[in-house]
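Subject: Structure handover

Hi,

Here is the structure I promised to pass on. Please load it first, then read the notes below.

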Amino acid sequence: MADFLEQLNESQRNAVKETEGAVMVIAGAGSGKTRVLTYRVAYLLTKGVSPFSVLALTFTNKAAREMKDRIGSLIGFSKAQNLWMGTFHSVFARILRAEAEKLGFNSNFTIYDTADSKRLLKKIIKEQELDEKAYHPGFVLNRISNAKNNLISANDYNEDFEIQLHDQQANKPKIGVIYSIYQNRLAKASAMDFDDLLFFTNVLLRDYPEVLYKYQKKFKYILVDEYQDTNYSQYLIVKKLAADNHNLCIVGDDAQSIYGFRGANIANILNFKKDYPEYKLFKLEQNYRSTQLIVKAANGIIKNNKEQIFKEIWTSNDFGEKIHVVKLSSEAEEASMVADSIFSHKMNNQLANSDFAILYRTNVQSRALEEALRKKNIPYQIYGGLSFYQRKEVKDLLAYFRLVINHHDEDALTRIINFPARGIGQTTLNKLIVAADKNNVVLWEVIQNPIGFKVSLHSGLIKRLDAFVNMIKSFRVQLNKLNAYELGKKIAKESGMLKHYFEEDSPEAINRKENVEELINGLSEFCAKVKENPEETNISESENPESLEVFMRDVALLTDLDTKEDAKDTNKVSLMTIHSAKGLEFPYVYLVGVEENLFPSILSAGSNSELEEERRLFYVAVTRAMKSLTISYCDTRFKYGNFNFCEPSRFIDELNQDCIEESFTLEHKRSVHGEKEKNIIAGSTKKKSSADGLTPLKKTGKKPVKQDNNSEFRIFDPSALQVNMVIQHQRFGEGKIIEIGGSNDNAQATVVFTGFGKKKLLLKYARIKIKHTG
DNA sequence: AAAGCGGTACTTTTT
DNA sequence: GTACCGCTTT
């Protein structure tokens, strides 16, 4: 018997040892879910199961990589390497490449990411002369994506009465038409979008019984992580592959389903017993992560949801300290409270920056936090936002690579044919596109031979097109001769991209240049890695394993998570949305902006199921904390350019009152955000507080009393203000009133601030104080 | 081709 | 408040 099983608790071990048949593992937050998956695979391998017949599907590449590493360290890396382990998208992209010709695709098809898809949709919408307001590319892509995730093809979409009625009523009757054209164009470009990877896998398994049979026999054991986040398309793939032997183990937590908005179907986990009536259920209810108080509070939160699988999470950890609930007057004060608290905890308890995380509902909230952290010289790392692979310059260079590999990739072609500028403008391009359409060939055909397709262009243009085609072809020839790094560098140089960014010396251009260089470095790392582990990449024998083509195979499926260093390794405070924090844990967690309309989001107020998803998100946030959790909310928040009054979130009311301790901050009462140094000194005077910078609030019953935090900054009656007065504003600092206009609710003062320039303040909201009357 | 201007829309996000 | 888009100007 494998002795590593001793490292598991009883329910974990039971779940691991039940290797045959359908198994559902419901794993509460922090209960060792990944551990069970890892050990289960390791256990299968020690029992003699071949790694080639184990399929393990994860939610992210990172999760797959980490799991592979851990399995490797348990039972040996050479075995672990041969496991079929990865995200749905990466595993089935691999299978689709192998079976591509059955579906009419080339095995080197391009994978379009969301931005590529939107670009293509936008082009189509324009060509169809549809109103770009009504047919917003993002919206259309959402509709199409939803359809695909429910296995509704373009034809199905156009023939479905209800869908058509829905689109007509939404005043967007042409979505079905766009869907059809979009799908045609993808096929023509030999490209699949993310959803296609799953959709076409379903088509493959549906239309080719021998292929289905082959993979059913191949994958003797299937494991799916984060099952609560799978969509219908993924569910069906798994169901088909497992249909023969039912050796399917799904792991998940219905309480942590937070991706419903993009098609994840919580019903998949709730309905598992219908598909596999003989299934065995294991519940992991012991939490190893958090204190008793946090676990108790989390249990209390999730009880407010109706639809769920019953479980009672418990822990034998310390009782722990109460959850701090802090009220502040603005997001700036909230941010400096967090920064101060982190600072004093670090000092008092000898902690690392990486022991702290700040979580928020939306990415915009990171700004105020960044400023506060920078002011205190606390190193931090933001996760999310624009990822490396989505930067324009990176996408541009990748587009060259794409076009070299797949000449039919029209999105890549139109992206770079005139970047860097080589005198092939929009007019020329339009002529070429029209000719391609007319002759029903791909754009590349026309560009190779414009005269043959009767495109009227003067000789200069013909020459330029010719030069471009020859350049791409010359790269193509070297695809298997040079490695990815050599060819990539050559392309960056000869395309003129490097020169383009070298010539400019604006900070943006320097930054872009660095990103291009980083991508080239990435190619070099890729080559080094392949040299080290030749088996890692799956390639056919004739291929050069270090080729650009192999590199490009997975690149569309990579994200920042895969490249960014762990905050743990760099010792930085982590800032991220709650969504990105799923699966992670931190000793000290700050959850900011817990206000009605922000969390839960105003956009989820409409439906109960969306509200329940927000509540699960709150549950996820709370359960990230190991030792200490601070929840904060503000009185006012600067949103879309004006002050909004905020109410504490209903989720705070829902917290067990025994688990929380409410407080306000004295020292932040007057600290001012975004101002020149002098104002800060003038604004924050005395320093008095408990160790963590928080002062307990007098217990006055349920809610904290409304704190008079703004005795100095307040709302003035417009009649009290005059032109030439010098006022101070919470955010903008000192300024002079140069104009007063509007009446009643619309009364405004135009103020020239030092450092912020001219601003119009809506006096109904603006909290100011009068410095002198001018 | 790049810079400037005015209008607009604005969750969450991995693949 | 600001990023982004499309349009116009230089």
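A helix axis here is a line fitted to C-alpha atoms over the stretch in contact, and an angle runs from 0 to 180 degrees between N-to-C directions. One caution before the findings: this is a predicted model.

**Helix pairs**

Two packed helices are described by the angle between their axes and the distance between the axes. Take helix 7 (residues 137–149) and helix 10 (residues 175–188). Their axes lie 10 Å apart, at an angle of about 75 degrees. Angles of 65 to 115 degrees count as roughly perpendicular, so helix 7 is roughly perpendicular to helix 10. Helix 7 contributes Val140, Arg143, Ile144 and Ala147 to the contact. From helix 10 come Ile175, Ile178, Tyr179 and Tyr182. By class, that contact holds seven nonpolar residues, one charged and no polar.

The second pair is helix 19 (residues 392–405) with helix 24 (residues 484–494). Here the axes come within 10 Å and cross at roughly 115 degrees. Helix 19 is therefore roughly perpendicular to helix 24. The crossing is right-handed. On the helix 19 side, the contact is made by Leu397, Tyr400, Phe401 and Val404. Gly488, Ile491 and Ala492 make it on the helix 24 side. The class count is six nonpolar, one polar and no charged residues.

**Chain A overall**

Chain A has 774 residues, of which 43% count as buried. It contains 33 helices and 24 strands. Consider the contacts in chain A with a separation of 6 or more. Residues 24 or more positions apart account for 74% of them.

**Backbone points to check**

Most residues other than glycine have a negative phi, and most peptide bonds are trans.

Two are cis peptide bonds:

- Phe419 to Pro420 is cis, with omega near -10 degrees. Pro420 sits in the loop between helix 20 (410–416) and helix 21 (426–439).
- Phe599 and Pro600 are also joined by a cis peptide bond, with omega about 10 degrees. Pro600 is in the loop between strand 13 (586–591) and helix 31 (608–622).

Two are positive phi values:

- Gln350 is not a glycine, yet its phi is near 55 degrees. Its place is the loop between helix 17 (331–349) and strand 10 (356–360).
- Asn440 is not a glycine either, and its phi is about 55 degrees. Asn440 lies in the loop between helix 21 and helix 22 (443–448).

Are these two residues buried or exposed? Asn440 counts as exposed because it has 8 C-beta neighbours inside 10 Å.

Best wishes

Note on methods:
Residues numbered from 1 in each chain as written. Chains lettered and ligands numbered in written order. Predicted model: local features only at pLDDT ≥ 70, side-chain atom pairs only at ≥ 80, totals over all residues. Helix = DSSP H or I, 4+ residues; strand = E, 2+ residues; numbered from the N terminus. Parallel < 35°, antiparallel > 145°, perpendicular 65-115°, else oblique. Left-handed = near helix turned anticlockwise from the far one by under 90°. Contact = placed C-beta atoms within 7 Å. Nonpolar A, V, L, I, M, F, W, Y, C, P; charged D, E, K, R; others polar. Buried ≥ 20, exposed ≤ 12 C-beta atoms within 10 Å, placed from the backbone.
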